[in-house]
Amino acid sequence: MPISRPRSRSRSRRAAVATVPFLAAVLALGGCGSDGDDGGAAGAEGKPEGDITFQTWNLRAKFKDYFEGLVKDFEEQHPGVRVKWLDQPAEHYAEKLSADAAGGTLPDVVNVSPDLSYPLAKAGVLMNLDKEKAAARFKDEYTAEAWQGNVLPGLGGSYAFPWYLNTGPLFYNKALFRDSGLDPEKPPKNYDELFAVAHRMAGRSGGRAATLAGTPSIEDFGRYGVRLMNDDATKFTYNEPKGVELLTKYKELYDRGGLDPQALTNTPEKAGQKFLEQKVAMNPGGAHDMETFKKNAPTLYRNLGITDAPNNTGKPNMYVMGLAVNERSKHKAAAVALAHFVTDRLHQEAFAHKVAVFPSTKGSLDDPYWTKDDGTDEGRVRVASAKMLKGAVNYTPVVMSDEMKTILRNEVAKALQGKKSPRQALDDAAAQSDKLLRQS
């Protein structure tokens, strides 16, 4: 996966959700293997051997030496295996996966996120790790949250070894809190507190400062405690009464100035600029943003607080990356061995020391590197983020495409503008998205 801030995830991966019918049709005509072979896939229980391919997602440019060393170490430990490392650019990655799967050229081990795994697993292309003994035996090496993050609804198991995790810390402006008579050391932890803060800030600032720069996303509905989908992920349920309640509260907030006036059209970049200009009190960010604040907004930098996004569930949001194994690989034992090798504790921690991500292996986040602030901006964000990952979940449904997200965003905007009631807006969004699901 491209290493980037959570709030700007690549859109190309979401296109994979629409490929299930195409994949299923092709796979019905012939098996899918890493070299086009349509049968004879070896079992995963034997000795690792053979030539396999390993594909990452936009990592070669910055981490070429790391992955070449990783492959070399693996081959030295498994002299009967040769690994060809591939790396694909961020753009059109989902389409590339789909084309490879349909054409029988999907790599033996492939870098995926859960939303990319879903259509491939549904089409029978990926190994169900929970049902493959050679893979399932490693389950306890990973945190329960990370393993669960790769479990796909309706498919009965996990389809990728957990690799690295990420989460989005929330920055807040302590000066704006103080100016509104709020305790700057007590940022809102749940949505009732968030709305109370936002209404007070809007009133005390005379509309000069808003609390939030954007409208509620699907993650907000999840953090609020709304049931987003039914159990087998065939129908959206965020239009339940609790979802309507959340959107109604956002409508009240929008009317009273608790949201930025441009909240309906703000991009993440525009929202970040509003926060830098101290027109918005709370906004997601990362260590790189702190460097910008230090240089361009020193007053903000001195008054910067870091917290987690408010939630009613006690569970923060996280993003999960994994390594999947091709179900039709001719050398499953080697593929499973490599996927585990790359994602074991030693190698996850080594990779996470090179880039701002977090390991998914048990015990890793208890290391001082992720628990003790070293005084740097990077360390401050790293420690705050690592703390949030314990008990975190991935709220975004794996079947929710970008088109479905756009539908929800547009209907939310209509509700905030008063063009539709919150209930009608969510009913319409869910109905449109359900229709797309039935077509996939």
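This is a predicted model: local features need pLDDT of at least 70, side-chain atom pairs count only at pLDDT 80 or more; totals for chains, interfaces and linings use all residues.

Reader: Which residue in β2 stands opposite Gln55?

Author: Leu86 stands opposite Gln55.

Reader: What is the order of the strands in the open sheet of six?

Author: The order is β2-β1-β3-β10-β6-β11, and the pairing is mixed. At the edges are β2 (81-88) and β11 (358-359), each of which pairs on one side only. Helix α15, residues 345-352, packs on this sheet, where it touches β6 (161-166) and β11. The direction of α15 makes about 25° with that of β6.

Reader: How should I read the inside of the structure?

Author: Start from the general idea: in soluble globular proteins, nonpolar side chains tend to be buried together. In this model the largest nonpolar core has 116 residues. Phe54, Phe67, Tyr238 and Phe351 have the most contacts inside that core. Helix α14, residues 332-343, gives the largest share of the core, with eight residues.

Reader: Which residues does Phe351 touch, not counting those up to four places away in sequence?

Author: Phe351 touches Leu59, Phe63, Tyr66, Phe67, Trp163, Tyr164 and Val357. There is also a second, separate core of 13 residues, and Phe171, Phe275, Met290 and Leu304 are among them.

Reader: Where does Phe171 pair?

Author: Phe171 stands opposite Asn283 in β8. Strands β7 and β8 run antiparallel and are joined by three bridges. They belong to an open sheet of three strands, in the order β8-β7-β9, with antiparallel pairing. Its edge strands are β8 (282-284) and β9, each pairing on one side only. From one strand to the next, the twist averages 30°. Helix α17 lies across β7 and β9, and runs at about 25° to β9.

Reader: How do I read the two sides of a helix?

Author: An α-helix has 3.6 residues a turn, so residues three or four places apart point the same way. Now take helix α12, residues 287-296, where Ala287, Asp289, Met290 and Phe293 are buried. These four residues are on the same side of α12 because they cover an arc of only 145° around the axis.

Reader: Why does helix α4, residues 114-122, count as largely enclosed by the rest of the structure?

Author: Eight of its nine residues are buried, so α4 is largely enclosed. The buried ones are Pro114, Asp115, Leu116, Ser117, Tyr118, Pro119, Leu120 and Ala121. Just after α4, Gly124 takes a positive phi of about 85°.

Reader: How do I decide whether a single residue is buried?

Author: Compare its relative accessibility with a cut-off: under 20% is buried. Leu194 lies in helix α8, residues 191-205. Leu194 counts as buried because its relative accessibility is 3%. Leaving aside neighbours within four places in sequence, Leu194 is in contact with Pro188, Thr211, Leu212, Met282 and Pro310.

Reader: And what about Lys274, with its 13% relative accessibility?

Author: Apply the cut-off again: at 13%, Lys274 therefore counts as buried. Lys274 is in helix α11. Leaving aside neighbours within four places in sequence, Lys274 is in contact with Asp260, Gln262, Asn266, Lys279 and Val280.

Reader: How far apart in space are Leu194 and Arg382?

Author: From C-alpha to C-alpha, Leu194 and Arg382 are 24 Å apart. In sequence, 188 residues separate Leu194 and Arg382.

Key
Residues are numbered from 1 along each chain as its sequence is written. Side-chain values use heavy atoms; hydrogens and water are left out. Two strands pair if DSSP finds at least two bridges between them. Helices (H or I, at least four residues) and strands (E, at least two) are DSSP runs, numbered from the N terminus. Contact means heavy atoms within 4.5 Å. Axes are lines fitted to C-alpha atoms, for helices over the stretch in contact, and angles run from 0 to 180 degrees between N-to-C directions. A nonpolar core is a set of buried Ala, Val, Leu, Ile, Met, Phe, Trp, Tyr and Cys residues joined through side-chain atoms within 4.5 Å. Buried means under 20% relative accessible area, exposed over 50%, partly exposed in between (1.4 Å probe, protein chains only). The arc is that of the directions from the helix axis to the C-beta atoms.
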